[in-house]
Structures are given as structure tokens and as C-alpha cells.
Amino acid sequence: MRGPLVVIGDTLLDRDVEGAVNRLCPDSPVPVLDETAYADRPGGAGLAAVFAAAAGAEVALVTALADDAGAARLSSLLTAAGVQVYGLSLAGTTPEKIRLRARGRVLLRHDRGGAVGEPGPPTDAVLRLIAGASAVLVSDYGRGVARQPALRAALAATRAPVVWDPHPRGPVAVPGVQLVTPNESEARELAKVPPGGSRLTTAAQAAQRLRDRWRAGAVVVTLGGDGALLSHAGKTPLMVSAPVSAEGDTCGAGDRFASAAGLALARGALVSEAVQAAVGAASAYVADGGVAAALPAPVRACPPVLVGGGERIGAAAAGAVVAEVRAAGGTVVATGGCFDLLHAGHVATLQAARQLGDCLVVCLNSDASVTGLKGPDRPVTTQGDRARLLAALSCVDAVVVFDEATPHAALGWLRPDIWVKGGDYATGVGDEPILPEADLLRRWGGDSVVVPYLDGRSTTDMIAAARGERRTAASADAPQPEPARSPVEAAGPAGSTAEGAR
């Protein structure tokens with residue numbers, strides 16, 4: 001692969017709620033689900049991207065992210081799975097799909113997220129990404145990303161093979177895509193095939209109509225456990241049977257199929273070979289237990305990236321501030337760090353950062369993150385107290401807490417215009433700061449800067465000095481050492497020492 005597999009589309013937050021049903025609701029004849037566990041995961045285009053990353057590919061996801069806690073959670077899950085997130089702005093809220101399950105069966109699906117928001121335009125970095133892709137997968141869930149005019153123009157211009165996974169509420173595919181991957185019901189609806197024919201006849205007619213109407217190189221109609229039917233040359237379709245037949249949770253099987261096809265094309269496969277690989281991957285996916293078994297452990301176990309705890313703390317608070325500033329055309333500034341034992345140097349950096357824009361969001365390392373970076377003796381102050389101290393400063397508008405070693409997931413959601421670090425960070429040649437977040441900021445056209453800091457202020461030095469003061473005070477109260485004695489005298493009675501005797 002000469003470049004990443006680029007996945008473009010709408011991402012949803014999916015949650016599976018597992019529980020037990022032992023009684024009916026007293027005021028209505030419906031089962032009561034007693035929740036025992038839940039698991040969050042990216043849905044839609046995000047799930048397709050996670051599948052491709054789990055296969056070892058370099059994957060970049062171009063998707064729209066709202067300014068809310070759901071998008072923050074998605075950014076954390078996607079980053080943990082190894083997906084590079086290129087976020088577009090999104091008006092409104094993150095769409096969520098919640099499945100209530102008992103004994104492996106879905107009892108009810110609850111969708112929320114309100115009206116479809118309008119995705120913002122792509123940055124130059126996104127357009128360059130598409131131009132340099134090894135393949136592109138458009139995973140359309142009918143929420144607007146696939147309609148974005150600049151993205152469609154970039155897709156029409158790329159030389160990379162494009163796989164289009166359509167949605168009945170979405171737009172037509174860009175002319176010239178290499179492969180379109182609807183399921184049976186989607187194909188019938190999109191192609192307007194009248195009822196009455198056999199299953200294979202209907203699928204073949206739908207595939208041929210879509211291929212002609214959308215000027216696609218090939219159309220493959222997925223047929224569940226029976227495999228897929230490919231229309232790609234002439235009038236006779238190719239039927240690819242599933243290698244295994246299994247019943248189970250099919251949620252995400254279409255995303256698994258499309259991601260496998262996209263990866264195969266990225267690696268140089270023919271369309272027929274890509275379809276065969278995709279049928280095999282989707283069949284094995286269902287047979288092995290579906291989405292619950294297929295996702296890598298970091299995605300299933302990833303803790304929430306941002307936590308609440310106060311009026312100006314957490315994803316909801318930060319999202320509200322950022323959304324208000326963006327709506328007014330203002331500048332969003334962010335900074336980050338451990339802020340263990342808040343001191344004058346920290347305050348100077350925060351004040352300087354706030355002066356660069358219209359709001360300042362602080363990304364704060366959680367207790368677990370600080371321990372991982374600085375050792376078992378840190379932090380000295382818990383994340384709850386550190387967050388409250390920061391939020392109390394007039395120069396800080398919101399605080400978010402993250403568990404990872406770096407704030408990349410939080411930044412991928414916040415997408416600040418300016419990222420600020422204190423001047424104790426080294427600078428490179430010329431005007432370019434050496435900041436690990438600099439490349440990330442370029443994805444959405446942001447800038448990274450350093451600001452002056454107060455020399456001689458250091459949390460580590462403060463901790464060392466405090467410990468030294470405690471030792472000095474303790475030694476002043478301790479008994480004075482006895483005169484030096486011989487080794488035999490110092491040994492004292494058996495089982496003791498002079499130090500132990502004191």
C-alpha cells in the first residue's frame with residue numbers, strides 16, 4: 001500500500017446494553033431489562049475504519065464530529081484502535097444507536113441524535129489525504145458527509161480505487177467508482193426494481209441498473225449468509241458463495257464486507273478477488289460472534305476520554321464552550337498537561353494562552369495517565385482536585401480529563417484553532433516548534449505555539465523541596481544520635497540493631 005486506506009462517511013456512537021429479563025413492567029406489558037454491562041464502539045464509517053485498522057492497515061477516517069460528549073467518546077475509541085481521525089465540524093449532536101440485549105438477542109434499538117447536521121468543509125490536509133490514498137472507502141449512513149461538495153470533487157479526482165457503501169437516504173455514488181456494495185434491500189430501493197422476480201434475478205437486475213445509472217465499474221449485492229452477487233462485466237453476474245454458513249449477530253457485517261473489499265483493492269487485488277475476500281471476511285465475522293468478538297480489546301475496554309465533575313469540567317462543558325465560540329466566529333485555544341501542584345509557572349502559561357483566543361480549554365492528564373508518565377509516586381494531587389483548581393481560574397473556560405499518554409484523542413474532537421505549550425518545550429530550527437501535537441493540528445488547519453514561562457518553576461522541584469523540608473523538620477524533632485560505638489556494641493542484642501533499638 002503506497003498510502004493509507006481512507007474511510008469517508010458518517011460515524012455514530014453505538015452502545016450494546018446487556019442485561020437479564022426476569023419480570024414485566026407493572027404499568028405496561030413489556031419486559032424489564034436489568035442492565036448488567038454495556039460496551040461502546042464506533043458505528044457507521046467509524047466501525048469500518050476500526051475493522052481495517054485491526055487488519056494491520058494504516059487507516060485514516062474523514063468524518064464529522066459534533067461538539068458534545070458523544071463525539072469525545074468516539075474520538076477516544078477511534079484513537080485507541082489506531083485510526084487517524086480527520087474531523088469535520090458538525091452542527092447538532094452525535095447520532096447514537098443503543099441496542100438493548102438479553103441472552104444474545106436484541107430486544108429493542110433506541111436511536112437518538114436529532115436532526116441530521118450539516119458537515120463542515122474539508123481542510124487542505126484532508127484533500128491531500130484523499131489524493132494520496134491507496135484506496136478510499138465511502139461508508140455512507142445518510143447523514144451528509146458523502147454529500148459534501150468538496151469531498152465529492154476530491155473523490156472524483158483521485159486515482160485511488162473507490163469503494164462506495166451506499167445508503168438509501170444518501171446521495172448517488174460519484175461517477176467512476178470502482179465498486180458499489182449495497183445489501184439486498186438497499187439495492188432494490190436504490191435501483192427501483194419491481195417485486196416479483198426470484199432473489200437472484202432481483203439482485204442481478206438491481207446491480208446492473210445501479211452500475212449503469214451510477215456509471216460504476218462494478219456493483220456487488222450482498223446476500224447475507226448466501227454470499228454476494230457481482231455485476232462487473234457483460235450481462236452475466238458472478239455469484240460468490242459464502243465459505244461458511246452461520247446464524248448470529250449480523251450487526252456490522254456490511255461494514256466488515258466493505259472494509260475488506262477496500263483493503264484488498266488497496267493491495268492490488270482485482271475486483272472479483274476483492275469481493276471473494278470480502279465475502280470470506282464477512283462470513284467469518286458472523287460465524288465468530290459478530291461485533292462483540294471482532295473488535296480489538298482496546299476498543300472494547302477503552303475508558304471514557306473525558307470525565308465530568310463540575311460546572312466547567314468535562315465533555316459537555318467543553319463542548320458547549322467550543323460550540324458557542326465557533327458559532328460567533330471566535331478562536332478556540334487549548335493547552336494541556338498534568339498540572340500537579342499548580343504553581344505560578346502554570347498560571348503564567350494559562351494566562352498567556354487565553355490571550356490568544358476567545359476561550360481556553362485545558363486537557364488534563366488523568367491520575368492513571370500521570371502515573372504512567374511520571375511514576376508510581378505521582379500525581380500528588382488527584383485529578384478531581386486538579387481539575388477544580390484549574391476550572392476556578394478566570395483564564396480557563398473548561399477542563400477535560402483524558403486517560404491516554406497524550407491528548408491526541410481529546411484534541412481530535414476539540415479541534416482547537418491554537419494549541420499552546422509552555423516555553424520549556426524545545427523549539428526547532430527557524431520558527432517551527434517541536435511539539436508532538438503539531439502534525440495533529442495540521443489535520444484541521446490549526447496552529448501550535450509555545451509561550452514564555454517563568455523560569456525556575458517546576459512541579460518536580462517543588463515536590464523535592466517539600467520532601468526535603470519534611471525530612472529536615474523530622475530530624476529536628478528526632479533524638480540526637482548516640483556516640484559512635486564499635487561494631488559489636490552497635491549490633492546490640494540478637495535480632496536487633498542500634499537503629500531498631502532507638
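Predicted model: local features only at pLDDT ≥ 70, side-chain atom pairs only at ≥ 80, totals over all residues.

**Stop 1: α7 and α8.** Select residues 253–266 for helix α7 and residues 271–287 for helix α8. Their axes lie 8 Å apart, at an angle of about 145 degrees. The crossing of α7 past α8 is right-handed. Now show side chains: on the α7 side, look for residues including R256, F257 and L265, which meet α8 residues, among them V275, V279 and Y285. What kinds of residues make up this contact: nonpolar, polar or charged? Count 16 nonpolar, no polar and one charged.

**Stop 2: α5 and α6.** Next, pick residues 184–191 (helix α5) and residues 199–214 (helix α6). Here the axes are 9 Å apart and the angle is about 55 degrees, so α5 is oblique to α6. This crossing is left-handed. In α5, E184, A187, R188, L190 and A191 do the touching, and their partners in α6 include R199, T202 and W214. The contact's residues split into six nonpolar, one polar and five charged.

**Stop 3: the cores.** In soluble globular proteins, nonpolar side chains tend to be buried together. Which residues have the most contacts inside the largest nonpolar core? Select V83, L179 and V275; that core has 73 residues. Zoom in on V275: leaving out residues up to four places away in sequence, V275 touches L179, V220, L230, V240 and F257. Then move to a second, separate core of 42 residues, with V6, A154, V177 and A203 among them.

Key: Residues numbered from 1 in each chain as written. Heavy atoms only, no water. Axes fitted to C-alpha atoms, helices over the stretch in contact; angles between N-to-C directions. Helix = DSSP H or I, 4+ residues; strand = E, 2+ residues; numbered from the N terminus. Left-handed = near helix turned anticlockwise from the far one by under 90°. Contact = heavy atoms within 4.5 Å. Nonpolar A, V, L, I, M, F, W, Y, C, P; charged D, E, K, R; others polar. Parallel < 35°, antiparallel > 145°, perpendicular 65-115°, else oblique. Core = buried A, V, L, I, M, F, W, Y, C linked by side-chain atoms within 4.5 Å. Buried < 20%, exposed > 50% of the residue type's maximum accessible area, 1.4 Å probe, protein only.
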